[in-house]
Amino acid sequence: MFNKIKKIKEMRSQAKQVQNTLEEITAEGSGAWGKVKGKMNGNQRILDVQIDDELLQDKSKLQEGLTEAMNDAVK
């Protein structure tokens, strides 16, 4: 019984170490011909989004560009 609890604690510790390592990794992606750029870390937390002013006029193009940029960063 205590061995199982000890193993669970060890696994939690290892998972936390992996999360900390992933936090340091970053990936960038772009969409809408480079007019939308996104940056995320290895835990898939979005760190930054940059949008060209031109896309602020067209909501659907902006949404497409954001989707493309985030999917590109995930790859």
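**Reading a predicted fold, feature by feature**

Mentor: Let's begin with Lys 37, which lies in strand 2. The model is predicted, so local features need pLDDT of at least 70 and side-chain atom pairs count only at pLDDT 80 or more, while totals for chains, interfaces and linings use all residues. Residues are numbered from 1 along each chain as its sequence is written, and side-chain values use heavy atoms, with hydrogens and water left out.

Trainee: Thanks! How are strands and helices named here?

Mentor: They are DSSP runs numbered from the N terminus: helices are H or I with at least four residues, and strands are E with at least two.

Trainee: Is Lys 37 buried, partly exposed or exposed?

Mentor: The general idea first: buried means under 20% relative accessible area, exposed means over 50%, and partly exposed is in between, with a 1.4 Å probe and protein chains only. Lys 37 has 43% relative accessibility, so it counts as partly exposed.

Trainee: And which residues does Lys 37 contact?

Mentor: Contact means heavy atoms within 4.5 Å. Setting aside neighbours within four places in sequence, Lys 37 is in contact with Gly 29, Ser 30, Asp 48, Val 49, Gln 50 and Ala 69.

Trainee: Let's move to helix 2. How do I check its length?

Mentor: The expected span of a helix is 1.5 Å times one less than its number of residues. Helix 2 has 16 residues and should span 22 Å; its end C-alpha atoms are 23 Å apart, which agrees.

Trainee: Which residues of helix 2 are buried?

Mentor: Leu 62, Gly 65, Ala 69, Met 70 and Ala 73 are. Down the axis of helix 2, the buried residues fall within an arc of 125°, so they line one face of the helix. That arc is taken over the directions from the helix axis to the C-beta atoms.

Trainee: What covers the buried residues of helix 2?

Mentor: The cover includes strand 1 (26-31), strand 2 (36-41) and strand 3.

Trainee: Now salt bridges. How many does the structure hold?

Mentor: A salt bridge is a side-chain nitrogen of Lys or Arg within 4 Å of a carboxyl oxygen of Asp or Glu. The structure holds two. One joins Arg 45 to Glu 23, with the closest N and O atoms 4.0 Å apart. Arg 45 sits in the loop between strand 2 and strand 3 and Glu 23 in helix 1 (residues 2-24), so the pair ties together parts 22 residues apart in sequence.

Trainee: And Glu 54, which residue is its partner?

Mentor: Glu 54 pairs with Lys 35, where the closest N and O atoms are 2.8 Å apart. Glu 54 is in the loop between strand 3 and helix 2 and Lys 35 in the loop between strand 1 and strand 2, so this pair ties together parts that are 19 residues apart in sequence. Glu 54 is partly exposed at 48% relative accessible area, and Lys 35 is partly exposed at 25%.

Trainee: What should I look for in the backbone angle phi?

Mentor: Most residues other than glycine have a negative phi. Here, Trp 33 has a positive phi of about 60° although it is not a glycine. Trp 33 lies in the loop between strand 1 and strand 2 and, at 80% relative accessibility, counts as exposed. Gln 44 has a positive phi of about 60° as well, and is not a glycine; its place is in the loop between strand 2 and strand 3.

Trainee: Last one: which residues form the nonpolar patch on the surface?

Mentor: Patches are made of residues with over 30% relative accessible area and no salt bridge: like charges are joined within 9 Å, and nonpolar side chains (Val, Leu, Ile, Met, Phe, Trp, Tyr) within 5 Å. Accessible areas come from the Shrake-Rupley method with a 1.4 Å probe; for residues, only the protein chains shown count as cover. In this structure, Ile 46, Val 49, Ile 51 and Leu 56 form the patch, with about 320 Å² of accessible area together. Leu 56 is in the loop between strand 3 (46-51) and helix 2 (59-74), and is exposed at 53% relative accessible area. Ile 46 belongs to strand 3 and counts as partly exposed at 45%.
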